[in-house]
Amino acid sequence: MIPHHDGSELYVTNPAPALGETVSVFVRVPAGIRASRIHLRWLSDGEPVFTSAVVDRTDKRGDVWWRAEMPVRNPVTPYRFLIRTSQGVRWLTGLGLTHYDVPDNTDFRLVTHPAPPAWARDAVIYQIFPDRFARSDAAIDRELPDWATPASWETPALRGSTQVVYGGDLDGIRKRLDHVEALGADTLYLTPFFPARSAHRYDASSFDRVDPLLGGDAALTRLTQTVHERRMRILGDLTTNHTGIAHPWFTERPDFYYQKPGGGYESWLGHGSLPKLNWGSAELRRRFVEIIQRFSAELDGWRIDVANMTGRRGADDWTYEVARLLREADPGGLLLAEHAHDATGDLDRNGWHGTMNYSGFTRPVWGWLRAEELPFDDFLGVPGEVPVRDAAATTATMMAFQAQMSWRSWSSSWSILGSHDTARIRTVVGSAERQEVAAGLLLTLPGTPMIFAGDEIGLTGDNNDTARQPMPWDRPESWDRATFDRYRQLIKLRRAHPALSRGGLRWVAGDADTLLFLRESADETVLVLARRRDSEPLRITDLPAGTRWENLYGGAKPLYTEPDGSTTIDGYGPAFQVWAAHN
């Protein structure tokens, strides 16, 4: 182990301070490493300030905890540590311990902007694509609009099926809430419920009402009331970058859109059916505030579609203003940004609470766990196949993204194995055993876990269309019950051990096929092993000496860390195991 700090409650006395407070921050120096001095460096009004840390305590394992006091003068305070040991002077930043200078964008961050709602840090999100999840009896008799092609619930979803309608609706979701509760998820995230001319509804033709195909406004009220009666929460999905061409704004308010000098209009990625909104319009901003506020009594927040492009066009960049405006429209709600690549520059700016963490979680997990043969050659929008990564590359990727945002933004962002926009995780990894490993990482690493409905029963699909299969409620024999039970057990484990949702994170050296890490709180230390295939027994030397480890998940035998700090773990795999420390 090496000296460590992160933004969790174990190392920061108040992770959500107010301006003017002084916060204590801690560095943990493992037993066996002698630090002669530690300085805290933070930025105050843009200028570096250094102060000396002092020894606060030595814990029962022999680790020495150093403490420094940091005034909170600015809304975002970047900070790092300068550590002198027998091996020389090192910087400790979000990137880890380095013997060379690294840019300030890897500094830890303390943020005073309004925090996400308290419930969000412990949430397990369940994503539902309404047209394909469940159908009520009333849906059978609804008349379809002219753009829609009807399909029976048993018809497989194929490529190019964006205007194929299966008839799922909000009352259908309501009658299947027992399934969500049995799984252990507590927060529904619905893809758009506004009227549109597609099954995905990201081409809204109105923001004033709920699509009658889904049951209309009354069905949303029934669903949200039932969800809240069960002490669950529900999030909507709002497209702020564009509308559909059928939206009345497109003909009535041309100032709401970007007009091209030679005629025509800007659209999302050149798709003419999705004209791009111009957030330079004060009236457009007022309308969106009204939309957020209208639904705030029923919804607990929003996921914002194409947040990375919202308000951006050429020399215009209103993104940060828009994010703050939408957050302030519903101060008690969650505001989560869709961002399919590097979102770090858009976070910690008093707007989005977090992002869909494709870059810092989905991509590295896919690369580490991918099957040998894949039926697709698109890596989440990047041309070419999913690259094969080893454990070192996987952890390096995660750390690189984590280092450039606050701990709060990292833990509030959604960890995702797949969504309505991607291939299914079962297709990516190729087996139930590797999917268990993926689900284990989803539910034990920092971040808010999001499960796309159907992953828990082993549904497959090699692109966003084929991944949106109707839930096979009438074919229970097709369900992978073992996978469902594993997801349920892992969610239960996460809830039983707060270190898995609120604790700090320390990586432990493994091998190319094994990820090892500790999640730690003031009350418990949890060791997690994820292995993608059989390998040689692993001997590690980074764990606290003399520790007995009791298995919590996976069925492995207990472990014991010898007095010299060595621990041996058998080489079975694929496997996911979790142990708790007992001294």
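## Ala 499 and helix α14

Ala 499 belongs to helix α14, which spans residues 499-502; helices (H or I, at least four residues) and strands (E, at least two) are DSSP runs numbered from the N terminus. The model is predicted, so local features need pLDDT of at least 70 and side-chain atom pairs count only at pLDDT 80 or more, whereas totals for chains, interfaces and linings use all residues. Residues are numbered from 1 along each chain as its sequence is written, and side-chain values use heavy atoms, with hydrogens and water left out.

The relative accessible area of Ala 499 is 0%, and the residue is therefore buried; buried means under 20% relative accessible area, exposed over 50%, and partly exposed in between, for a 1.4 Å probe and protein chains only. Not counting residues up to four places away in sequence, Ala 499 touches Arg 519, Glu 520, Ser 521, Glu 524 and Val 526, where contact means heavy atoms within 4.5 Å. Between Ala 499 and Asp 542 there are 43 residues in sequence and 19 Å in space, C-alpha to C-alpha.

## Thr 187 in strand β13

Strand β13 (residues 187-190) contains Thr 187. With 1% relative accessibility, Thr 187 counts as buried. Thr 187 and Ala 120 are 67 residues apart in sequence, yet 8.9 Å apart in space, C-alpha to C-alpha. Leaving out residues up to four places away in sequence, Thr 187 is in contact with Trp 119, Ala 123, Val 124, Ile 125, Tyr 126, Arg 233 and Leu 235.

## Nonpolar cores

A nonpolar core is a set of buried Ala, Val, Leu, Ile, Met, Phe, Trp, Tyr and Cys residues joined through side-chain atoms within 4.5 Å. The largest one comprises 120 residues, and those with the most contacts inside it are Tyr 126, Leu 188, Phe 193, Phe 288, Trp 302, Trp 414 and Leu 441. Another core lies apart from it and has 24 residues, including Tyr 11, Val 23, Trp 66 and Leu 110.

Beyond its neighbours within four places in sequence, Trp 302 contacts Phe 193, Phe 194, Leu 235, Gly 236, Asp 237, Leu 238, Ile 291, Ile 292, Phe 295, Leu 334, Leu 335 and Leu 336.

## The buried face of helix α7

Helix α7 covers residues 319-329, and its buried residues are Thr 319, Val 322, Ala 323, Leu 326, Arg 327 and Ala 329. Viewed down the axis of α7, these residues fall within an arc of 160°, so they line one face of the helix; the arc is that of the directions from the helix axis to the C-beta atoms. An α-helix has 3.6 residues a turn, so residues three or four places apart point the same way. The buried residues of α7 pack against α6 (282-295), β15 (301-305), β16 (312-313), β17 (316-317) and β18 (334-337).

## Pockets

Pockets and cavities are located on a 1 Å grid over the protein atoms alone: a cavity is a set of points where a 1.4 Å probe fits but cannot get out, a pocket is an open set with protein on both sides within 12 Å along at least five of seven lines, and lining residues have an atom within 4 Å of a point. Grid points are joined across faces, edges and corners, and a volume is the space filled by probe spheres set on the points. The largest pocket has a volume of about 1200 Å³. Its lining has 43 residues, of which Trp 268, Glu 338, Asp 421, Asn 464 and Arg 468 are the closest to its centre. By class, this lining divides into 14 nonpolar, 17 polar and twelve charged residues; Ala, Val, Leu, Ile, Met, Phe, Trp, Tyr, Cys and Pro count as nonpolar, Asp, Glu, Lys and Arg as charged, and the others, Gly among them, as polar.

The second largest pocket holds about 690 Å³ of space. Of its 38 lining residues, His 4, Gly 96, Met 399, Leu 505 and Trp 507 lie nearest the centre. Strand β24 gives the most to this lining, with seven residues. The classes in the lining of the second largest pocket are 21 nonpolar, eleven polar and six charged.

## Cavities

The whole structure has seven cavities of 30 Å³ or more. The largest cavity contains about 90 Å³ of space. Among the 13 residues lining the largest cavity, those closest to its centre are His 113, Pro 114, Trp 352, His 353 and Arg 408.

The volume of the second largest cavity is about 70 Å³. Residues lining the second largest cavity include Tyr 79, Leu 110, Trp 407 and Arg 408.
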